[in-house]
Amino acid sequence: PQLIKTYNATTTTPVSENIDISSWAANKSYVTIGYRFVRPADANTTDYFYFDDFCVGNEVSAYAENFNTYTPSYYNFPSGWIVTQSNPTSTWFVDKTGTTARCQETNANNLAQNELLTSPTINCSTFTKVQLQYYSFKYNVTGPESYIQVLGSIYDGLTCSTRIKNYTAFV
């Protein structure tokens with residue numbers, strides 16, 4: 001895996017992310033992006049991460065999703081998004097509040113989590129420069145065993161092996 005960036009901070013407002021993934025995604029037909037939320041079993045049920053306004057492309061998007069047209073409910077994702085769930089009581093869901101939709105991890109009921117949300121396969125075969133853009137918000141991800149990763153793949157569309165971004169130990 002390739003680590004692009006690591007930082008430690010709880011955000012009080014959404015942060016705009018714009019990450020160049022050209023080195024491995026340019027001119028590739030099978031690009032996927034994954035968001036992994038990992039934390040140990042503990043009593044803190046207020047840990048969460050969400051992202052919104054997801055886009056892959058450059059001046060023209062190869063794929064974009066703002067999650068605003070989907071009825072809020074657990075596991076109700078746009079076509080092609082895949083949830084790989086380890087915690088039986090809490091995993092990714094689309095949460096629509098006001099005019100903002102988001103994907104969020106929360107309320108794990110004291111059980112460990114290793115949840116992965118993977119995008120549909122994105123065709124970047126005509127792009128020589130590829131940017132990954134999204135807004136993110138992190139709250140109360142605690143301890144060295146808790147982290148959030150943004151991963152990428154150019155292979156089978158499911159296995160995300162290139163680490164794009166790593167969020168750790170927010171205090």
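1. The largest nonpolar core of this predicted model has 29 residues. Such a core is a set of buried Ala, Val, Leu, Ile, Met, Phe, Trp, Tyr and Cys residues joined through side-chain atoms within 4.5 Å, where buried means under 20% relative accessible area (1.4 Å probe, protein chains only). The residues with the most contacts inside it are Ile-21, Ile-33, Tyr-35, Phe-51, Phe-54, Val-56 and Leu-132. Two or more residues each come from α1 (22-25), β3 (32-39), β4, β11 (131-139) and β12 (147-153), and β4 gives the largest share, four residues. Helices (H or I, at least four residues) and strands (E, at least two) are DSSP runs, numbered from the N terminus.

2. Strand β4 (residues 48-57) deserves a look of its own. Eight of its ten residues are buried, so β4 is largely enclosed by the rest of the structure. With three residues between them, β4 and β5 form a hairpin; the two strands pair (DSSP finds at least two bridges) in the antiparallel sense, over four bridges. Val-56 has Tyr-63 of β5 as its bridge partner.

3. Now to Tyr-35. Beyond its neighbours within four places in sequence, Tyr-35 is in contact (heavy atoms within 4.5 Å) with residues including Phe-49, Phe-51, Phe-54, Trp-92, Leu-132 and Val-150.

4. Pro-120 sits in the loop between β10 (113-118) and β11 and is buried, with a relative accessible area of 11%. Among its contacts, leaving aside neighbours within four places in sequence, are Val-31, Tyr-63 and Trp-81.

5. A word on conventions: residues are numbered from 1 along each chain as its sequence is written. Local features need pLDDT of at least 70, side-chain atom pairs count only at pLDDT 80 or more, totals for chains, interfaces and linings use all residues, and side-chain values use heavy atoms, leaving out hydrogens and water.

How values were computed
Buried means under 20% relative accessible area, exposed over 50%, partly exposed in between (1.4 Å probe, protein chains only).
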